Amino acid sequence: MDKKFYITTPIYYPSDNLHIGHTYCTVATDCVKRFKKMQGYDVFFTTGTDEHGQKIQEKAKEFGMEPKAYVDKIVANIKKLWEALDIDYDAFIRSTDEVHEKNVQRIFQKLYDKGDIYKGEYEGYYCTPCEAFWTEAQLGEGHTCPDCGRETHLTHEESYFFRLSNYKDRLLELYEKNPEFIEPAFRKNEMVKNFFETGEGLEDLSVSRSTFDWGVKVPFDDKHVVYVWIDALSCYLSALGLGTENSKMDEFWPADVHFVGKEIIRFHVIIWPAILMALDLPLPKKVFGHGWILFDNDKMSKSKGNVIYPEPIISLYGVDALKYFLLREFSFGSDGSFNIEKFMQRLNSDLANDLGNLLSRTVSMISKYNDGIIEDKNVSEDVDDNLKDMAVSVVDEVEKAMEHYHFSNALESIWKLIRRTNKYVDETEPWKLAKDENSRDRLLTVLYNLAETLRIVSILIHPFIENTSLEIRKQLGIKADINWDDSKVFGLIEDGTLVEKGNVIFPRLDINEEIEKFNAENEALLKSRINAKKSEETSNSKLQDIKEEVTIDDLEKLDIRVAKVLEVIDHPNADKLYVLKLKIGTEERQIVTNLKSKYSKEELTGKKILVLVNLKPIKLRGVESVGMLLAAEDENKEISIASTLEDIKDGAKIC
């Protein structure tokens, strides 16, 4: 393939599990990849996680964990979510990947050697959640962050700076000569007004921190770590194998489009191109800043209790229902409000009534009226020509919309065809034709036209809702591979093709009932995640329920020895107890233990265990127990017998 296409999501910040807003961008990116592949492009799709920074370090500390261990769990959940959504990414880059950290250091060193990075002092307002510095002129009321609205704090520290101000003229020239570099177009005006024309204009950028250490060390000054934007943004290069023998930089760089949320577009259209200019690397062709998905017109926030997670929707209604809603309901460049009732209505109207009903009617009528066989008898009327013309022209509308990432417009064009086809059923009335033997050829022509239009629909919807596309083709009995250009031709289903009637692809929902079901499932997921974090926080925090302090003199009273288990027998008077025969040096003795439900006799026999040997003997259910074995028990009541790391002679004293 000669045509290459490189597309990326943001490098997500994994301070917590991703919600439906993050899902939105990844679903859109995946859709573009599938669309471009169908057009014949060799596509490379990058996503990943930006794992360094003060916020992650503080979050991990809350749970008593190391930062890497904290993000490992979240990254695992992200990958699991992308798998559930059938996201077809080519690279998942983590900023903690060794190859990436080396790239960051090389990039930082190169910029320093060129004189584009220098050492200085920084004083400004810092927002920890956003990992962003702000001048006083940029702040909101009460020195709040202009991005998230939260409180900032005045920071003064030594820092390395990138000479961003040197690239002001080149950046403005970039915007002027390449009007499609920033989309939607109104975002460009925001950038110029807010960051080039206010205050002192474009200022040099702090690119290191010395007040925390969770990050890539500056190669020539290990008191500093490289600040987030050089680190995170260069992930787009590392994902292509920069710095490795298998680099795809020559094939795929520059990126055709970076998809990012509107809150980070300034970093991608100001800082990122300036860094690339300094590195003498080609610039991305486009940065597209999409809007937020709000919840009932309010930004999703765990503190507000209005976070919607994608997992319950996938579980209850399937991947395609979620993908369709995200891509159809919202204009990609603007904010949109998620409402579960709107989701249900869209599912019922578009997917169940329009598409699902059309497929079900078509396959049922072909099965009923012609034994499931698709045949074209070419008995055409004007109404057929109208449908055919519309069917083969929709592809042009879809391609035009997708070139500008107008997903909703593309789907609306497809659904106009679906609605027109449903109207065609009402106009031709196949059930009436079936009653007249003289109209049989006309009936078969009508049924063929319905099947053929659905074949074209199956191609057009494939980048958006792949599973539904494949199910339509399966029920129509189409064995051929999907080819985008086949949507431009009417009449490709071969006579004699046998339909395979299947289940209704989108059952109609009782909206009130489903809203209750969804809310319960989403709330249950939210609670389970909160409880899991509380449990983890507890298990990683200071030891709970510590007993009264003892002195070294108290400890010296305990005599703990290594014992070898010679034999394990059932307690004669208690079903849940074992009697262990032990060898402790030259002495043999027995103890009674309640570990019968945890360990088999075979698992214990021959093992070396730790035993408190100077405990006063006691009779347990009529059997004397001389000593007590040591074991650990966690908050989940899981038990493990205490032993030693090395094999050591029985009778050895624990000191």
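This is a predicted model: local features need pLDDT of at least 70, side-chain atom pairs count only at pLDDT 80 or more; totals for chains, interfaces and linings use all residues.
Where is the place of Cys130? Look in the loop between S4 and strand S5 (132-134).

In an unreviewed entry, UniProt lists Cys127, Cys130, Cys145 and Cys148 under "binding site". These residues are spread over 22 residues of sequence, yet they cluster in space, with a largest C-alpha distance of 8.8 Å.

Now check who they touch. Setting aside residues up to four places away in sequence, Cys130 touches Cys145, Asp147 and Cys148. With its neighbours within four places left out as well, Cys127 is in contact with Ala132, Trp134, Cys145, Cys148 and Thr152.

Let's move on to the rings. The structure holds 32 aromatic pairs. Take Tyr24 and Phe330: their ring centres are 5.7 Å apart and their planes sit at 70 degrees, so this pair is edge-to-face. The two come from distant parts of the chain, 306 residues apart, with Tyr24 in helix H1 (residues 20-38) and Phe330 in the loop between helix H12 (319-329) and strand S16 (336-338). Both Tyr24 and Phe330 are buried.

Another pair is worth a look. The rings of Tyr324 and Trp415 have centres 4.7 Å apart and planes at 40 degrees, so they count as tilted. This pair also links distant parts of the chain: Tyr324 is in helix H12, Trp415 is in helix H15 (residues 407-428), and 91 residues separate them. Tyr324 is buried, with a relative accessible area of 1%, and Trp415 is buried too, at 0%.

Ring pairs can also join up into a cluster. One such cluster includes Tyr24, Phe259, Phe288, Tyr317 and Phe330, along with others such as Tyr405 and Phe407.

Ile552, Leu555 and Leu558 make a nonpolar surface patch of about 290 Å². Leu558 lies in the loop between helix H20 (552-555) and strand S19 (560-570). With 42% relative accessibility, Leu558 counts as partly exposed.

How values were computed
Residues are numbered from 1 along each chain as its sequence is written. Side-chain values use heavy atoms; hydrogens and water are left out. Patches are made of residues with over 30% relative accessible area and no salt bridge: like charges are joined within 9 Å, nonpolar side chains (Val, Leu, Ile, Met, Phe, Trp, Tyr) within 5 Å. Accessible areas come from the Shrake-Rupley method with a 1.4 Å probe; for residues, only the protein chains shown count as cover. A salt bridge is a side-chain nitrogen of Lys or Arg within 4 Å of a carboxyl oxygen of Asp or Glu. Helices (H or I, at least four residues) and strands (E, at least two) are DSSP runs, numbered from the N terminus. Buried means under 20% relative accessible area, exposed over 50%, partly exposed in between (1.4 Å probe, protein chains only). UniProt positions are given in the numbering used here, feature names are shortened, and annotations may be inferred rather than shown by experiment. Contact means heavy atoms within 4.5 Å. Rings of Phe, Tyr and Trp (its six-membered ring) pair if their centres lie within 6.5 Å; planes under 30 degrees apart count as stacked, over 60 as edge-to-face and the rest as tilted.
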